[in-house]
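I wanted to follow a few side chains and write down what they meet.

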Amino acid sequence: MIETEEDDDVPGKGSKIWRKNAFRTNDGTCVLGKGAGQQIRGTNLFGKRPHLAIVDDMYSRNNAKTETRLQDLNRWFFAELSNSLDGE
């Protein structure tokens, strides 16, 4: 059983278990996978907010199919993702 302090999506401190969308390194760094458009704001793992986002293939055939979907995705990136990162 994995015990976490904050978020059930991330393996707990000292856990050797990797999950489909998350893992924790030996130095305590949490890596959490999120899809384009998923909720980012409010993410807080072990008392810390994310300070780095690595975006890969943000645009797909489906989410950039129409101008409205493209605008929604751009809004998510600039308003939600970018503003949710800790500057420290």
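Entry 1: I began with the side chain of Thr43, where a polar atom lies 2.6 Å from the backbone oxygen of Ile40. I count a polar contact as a pair of N or O atoms within 3.5 Å; within protein, one must be able to donate a hydrogen and the other to accept it, and residues adjacent in sequence count only if both atoms are side-chain atoms. A note on the model: it is predicted, local features need pLDDT of at least 70, side-chain atom pairs count only at pLDDT 80 or more, and totals for chains, interfaces and linings use all residues. Residues are numbered from 1 along each chain as its sequence is written, and side-chain values use heavy atoms, with hydrogens and water left out.

I then looked up where Thr43 sits: in the loop between strand 2 (30-32) and helix 1 (67-81). Helices (H or I, at least four residues) and strands (E, at least two) are DSSP runs, numbered from the N terminus. Is Thr43 buried or exposed? Thr43 is buried, at a relative accessible area of 16%; buried means under 20%, exposed over 50%, and partly exposed in between (1.4 Å probe, protein chains only). Setting aside residues up to four places away in sequence, I found Thr43 touching Leu32, Lys48, Arg49 and Pro50, where contact means heavy atoms within 4.5 Å.

Entry 2: Arg49 lies in the loop between strand 2 and helix 1 and is partly exposed, with a relative accessible area of 39%. Beyond its neighbours within four places in sequence, its contacts are Thr43, Asn83, Ser84, Leu85 and Asp86. I noted that the Arg49 side chain comes to 2.8 Å from the backbone oxygen of Ser84. The C-alpha atoms of Arg49 and Asp86 are 5.7 Å apart, though 37 residues separate the two along the chain.

**Entry 3: salt bridges.** How many salt bridges are there? I get two, taking a side-chain nitrogen of Lys or Arg within 4 Å of a carboxyl oxygen of Asp or Glu. One pairs Glu80 with Arg41, with 3.9 Å between the closest N and O atoms. Glu80 belongs to helix 1 and Arg41 to the loop between strand 2 and helix 1, so this pair ties together parts 39 residues apart in sequence. Arg41 is partly exposed, at 42% relative accessible area.

Arg75 and Asp72 also form a salt bridge, 2.8 Å from N to O. Both lie in helix 1, three residues apart, about one turn of the helix. I logged Asp72 as partly exposed, at 39%.
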